[in-house]
Amino acid sequence: MTSTIAKNLFLVKKTIPNHVTLVAVSKTKPEKDILEAYQAGQRIFGENKVQEMVSKHQNLPKDIQWHMIGHLQRNKIKYMAPFVQLIHGVDSYKKLVEINKQAIKHNRTINCLLQAKIAQEETKFGLSFEEINSILNNADLSELKNIKITGLMGMASFTDNTTQIKEEFCSLKTFFDTLKSSVRLNNVNFTTLSMGMSGDYSIAISCGSNLVRIGSAIFGNRNYSVK
Ligand SMILES: *Cc1c(COP(=O)(O)O)cnc(C)c1O
């Protein structure tokens, strides 16, 4: 019998065009749920807590690609540096320096996205477009040879107002395109625009997202009171 998770995954994938990559957001979910999605073919999973991602990485198949999608704490970067595939939430130059330092120790290049703040809400993390410009114009950035900035990540406001959500996503796409055609550095290569979650990924894709982070539509609602 096909599991609910496999069915949900199939239904979600039907609504996503081929050029869009799906990150299955498995935060708070047990390893058996991840294995169900894995057995249905999914290989990219997203987590927002470093310790949780490290232990899942240890216990689960090694061809899983792990994405860190949560707010990044500088002192925890070292724990995921051996294996993390993409860090979505980079929000300062200092964190890029630390990611580079930890990547060197493992003789790796770590892919990073700069997180832009596009939502109106105070609670959301991220950089203004000016701050992103200043990171990309930092004269020392090209010295960070063990990182690669592969694009941007953004979260829209939590609202029913689809016009507003669309404006927020599309503003990030416009900014992404500008940077893609103007920044010329060895360790910057704008290929990835990470936008869209269970509730808004269709809007994000219509604005040009090519990487969506989908959790509850695949794994069901999260229960934060039990771990
Ligand atoms: C939890 C989370 C998601 C997935 O949210 P769903 O609404 O469950 O799809 C996507 N992106 C980030 C940054 C998250 O923290």
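Let's start at the ligand: one of its oxygen atoms sits 2.8 Å from a polar backbone atom of Ser216. Keep in mind that this is a predicted model. Taken by itself, the ligand would expose 390 Å², and the protein buries 90% of that.

Ser198 brings a polar side-chain atom to 2.5 Å from a ligand oxygen. With Lys27, an N or O atom of the side chain is 2.7 Å from an oxygen atom of the ligand.

Now widen the view to everything around the ligand. Besides Lys27, Ser198 and Ser216, the shell holds Val25, Ile69, Met153, Met155, Met197, Arg213, Ile214, Gly215 and Arg222. Sorted by class, the shell comes out as 6 nonpolar, 3 polar and 3 charged residues. If you want to trace it along the fold, look at strand 6 (147-155) and strand 8 (211-214), each of which supplies at least two residues of that shell.

So much for the contacts; what about the space itself? The ligand takes up the largest pocket, which holds about 670 Å³ of space. Its lining runs to 29 residues, and Lys27, Lys124, Met155, Met197 and Arg213 are the ones that lie nearest the centre. Strand 6 and strand 8 turn up again here, along with helix 7 (162-182), as the elements that give two or more residues to the lining. By class, that lining has 11 nonpolar, 12 polar and 6 charged residues.

Key: Residues numbered from 1 in each chain as written. Predicted model: local features only at pLDDT ≥ 70, side-chain atom pairs only at ≥ 80, totals over all residues. Heavy atoms only, no water. Near = heavy atom within 4 Å. Polar contact = N/O pair within 3.5 Å; in protein donor to acceptor, adjacent residues only side chain to side chain. Areas by Shrake-Rupley, 256 points an atom, 1.4 Å probe, with all protein chains shown as cover. 1 Å grid on protein atoms, 1.4 Å probe; cavity = no way out; pocket = protein on both sides within 12 Å on 5 of 7 lines; lining within 4 Å. Sits in = over half its atoms within 2 Å of the grid points. Helix = DSSP H or I, 4+ residues; strand = E, 2+ residues; numbered from the N terminus. Nonpolar A, V, L, I, M, F, W, Y, C, P; charged D, E, K, R; others polar. Points joined across faces, edges and corners; volume = space filled by probe spheres on them.
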